[in-house]
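User: Got a model here I'd like to go through with you. Can we take it piece by piece?

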Amino acid sequence: MLLEVKDLHASIGGKEILKGLSLTIKAGEVHAIMGPNGSGKSTLAQILAGREGYEVTAGSVRYNGVNLLDLEPEGRAQAGLFLGFQYPVEIPGVNNVYLLKAALNARQKAAAKPEIDAVSFMRLVKEKAALMEMDQSFLSRSVNEGFSGGEKKRNEIFQMAVLEPTLAILDETDSGLDIDALKVVANGVNLQRRDDRSVLLITHYQRLLDYIEPDYVHVLANGKIIHSGDKSLALQLEAEGYDALMAKAAG
Amino acid sequence: MNLDPKNYRAALANTLKQDADAGHPEWLLPIRNKALEQFLKQGFPHTKLENWRYTNLAPMSERSNASVAQPVAVSDAIVPATDSDSLMLVFINGMFSSHKSSHSATLANGVVSNMAAQLDTDGAEDWLRNSGDSDLAQLNLAMTNDGAVVQIPDNTELAETIHIIFSNTAEANVFPRVIIQLGRNAKATVVEHHISNAACVSTAITNISCGEGSRITYQKLQEEHAGSFHVAAQTIKLAKDSHCDIVNIDLGAAIARNDLRILLQGSGAAAKVNGLFLVDAERHADNHLRLEHQAPHTRSRAQYAGVMANKGHGVFNGMIHVAQTAQKTDAALNNKNLLLTPGAEIDTKPELEIYADDVKCAHGSTTGQLDAVSLFYLRSRGVPQQIARNMLVQAFALEVVQQLTSKNLREYIQNSVEQRLNELGAVIET
């Protein structure tokens, strides 16, 4: 079991968003979570990554057997978690590549390994940049500075490609992408797929799932997963919308 | 703040004896005497003066009082490395060290030298006497042992950077002095670096005069010992079409005060100022800037960045003064501040005094904390909290640090900032 979320209840500012969410992801699996706006999809992603401000009132999250909620955000990342942000922030003055080097070295240090050498690192970075069809000029720029929405999303997947996480949580990575960018991003994700790595795709639209084929699709509504199925569920939702399923869950 | 005149007069007597022993000109004696008496009448500035409202110099005056007449023992001085092609003038506890300095520049009719060696030259009395009108200028004039004199002739561009280092190793009073004079169309880059490994009391005065069309790049770095007191003032006079590019970085001292006064006296004169101050523990750093637009078509841009942590206290007062005759002045002044912990404090006051009616003037000040979203983003990639915080602080300071012309110096300052941030530990608030 890579990720085991059991009956998770979480609030922010006194308002309960997750109302008993349960989810299990095994190594090597790709899961998609879909759902109406305000259902708690991003909240789930943020809580798994360790964003402050949320209060977990009940339930548990275990990652490779470890209590994930006990770890600091950097600890979770060093343990192999990655969050692709829905709205990646711009950080002027912090170089894109410098961030990645610091991140990689932090992971090396956590695994009691030596720091990555400069030559290998640049080779890795250039290889992944080419894979993500990113201009080499971005290497000298600050994190997301001056990037369009699509470029920011591509940068998220580029970072993921460099960091090689065991669980990548991608929060609406497809929003704002044109078809070509979507293909590049999807390719980046697919190339990552391995028996020991999993992906959790949070998405609004079925389109992404044409390119990244999920093993399981879940519907998150009103803070809980109300229905799960295989990839055909996504097509069903596209055709029928969420209302029918939500009515069934309520009734 | 009761000064004991006895101590200061005894100290002056020592200084006068040193003058005599060194064969310095006689005109020094009455100048020094008069300056000391004037200082004793004024005393150290106190907090009832508007300009000193937030900065209490009582601890400095106490230490100064106690140690001014003490002899100074020289021990291992820190002499920071500089670019290999720079011209170094090194002063240890206020005394010139020819041994640690590099050979003087061979300039046709120009001078890059320690002050004591120039006292016999024409015009020396003028430039020595002119210590400016800052609050401790008279004390410096009375007591200054040595400093740097840089005179660049007309139409001369000095390629090498002049690196003036004031390194202090004792809990003693020092009175550094720097005189820079650029002729018409002259160009020079000067770094003035203050560093100490003991709690010294430094009263530093720098005067820069720029001839028509000249260009001065002046970068002051202050890294005094955490127990030191450092009060410095620079006066820069800009003639027609001359430009100054100034960087002022304050990283050390228990109490640091820097008064920068720029007089744009000729039309077409321009000033660019970038300042950075980092105050942690219970330290105090006060930056006063005065941009005086006295002629038409003059331009100034000033940006100061402050980083405060623990119980650090930063003070910034930036004034743009535009005289009635200074039409078409274009001036902008900004102060941005970062508070890293509760308990950190900044008092910031940008001011405009405008007497002309066809001008463009802007001023602003912002104060905030580290962006929580940015911090989380970095941490979510695995960057540990302390390193993530350091990265964001370096990013905040980068705009100023980037203005340093020497790559080595940029790295040096970034390392210095990094070191201080690491000493802060993992305490941050978001």
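This is a predicted model: local features need pLDDT of at least 70, side-chain atom pairs count only at pLDDT 80 or more; totals for chains, interfaces and linings use all residues.

User: Is B:Ala13 buried or exposed, and why?
Analyst: B:Ala13 counts as exposed, because it has 11 C-beta neighbours inside 10 Å. The cut-off for exposed is 12 or fewer.

User: How far is B:Ala13 from B:Ala69?
Analyst: Their C-alpha atoms are separated by 9.2 Å. Along the chain, the two residues are 56 apart.

User: Switching to the interface. How many residues of chain A are in contact with chain B?
Analyst: On the chain A side, 21 residues. They meet 18 residues of chain B.

User: Which elements of chain A supply at least two residues each?
Analyst: α2 (73-78), β7 (91-95), α3 (96-110) and α5 (149-163) of chain A. The largest share is from α3(A), with five residues.

User: What's the class make-up of that side of chain A?
Analyst: The side of chain A that touches chain B has 14 nonpolar residues, three polar and four charged.

User: New topic: chain A overall. How many helices and strands?
Analyst: Chain A has nine helices and twelve strands. Its radius of gyration is 18 Å, close to the 18 Å from the globule rule for 251 residues, so chain A is as compact as a globular protein of that length.

User: What box do the C-alpha atoms fill?
Analyst: Roughly 60 × 40 × 35 Å for chain A, along the principal axes.

User: And what percentage of chain A counts as buried?
Analyst: 43% of its 251 residues. On contacts, take those in chain A between residues at least 6 apart in sequence: 71% of them join residues at least 24 apart.

User: Now the six-stranded open sheet. What's the strand order?
Analyst: β6-β9-β10-β3-β11-β12, in chain A, with mixed pairing. β6 (81-84) and β12 (224-229) are the edge strands, each pairing on one side only. On average, neighbouring strands are turned by 20° against each other, direction ignored.

User: In what sense do β6(A) and β9(A) pair?
Analyst: Parallel, over four bridges. β9(A) covers residues 167-171. One bridge joins A:Leu83 to A:Ile169 in β9(A).

User: Which strands does helix α1 of chain A touch?
Analyst: α1(A), residues 41-49, packs on the sheet and touches β3 (30-34), β6, β9, β10 (198-202) and β11 (216-221) of chain A. The helix direction makes about 145° with that of β9(A).

Key: Residues are numbered from 1 along each chain as its sequence is written. Chains are lettered from A and ligands numbered from 1 in the order in which they are written. Two strands pair if DSSP finds at least two bridges between them. Axes are lines fitted to C-alpha atoms, for helices over the stretch in contact, and angles run from 0 to 180 degrees between N-to-C directions. Two residues are in contact if their C-beta atoms, placed from the backbone, lie within 7 Å. Ala, Val, Leu, Ile, Met, Phe, Trp, Tyr, Cys and Pro count as nonpolar, Asp, Glu, Lys and Arg as charged, and the others, Gly among them, as polar. A residue is buried if 20 or more other C-beta atoms lie within 10 Å of its own, exposed if 12 or fewer, and partly exposed in between; C-beta atoms are placed from the backbone. The radius of gyration is taken over C-alpha atoms; the globule rule is 2.2 Å times the number of residues to the power 0.38.
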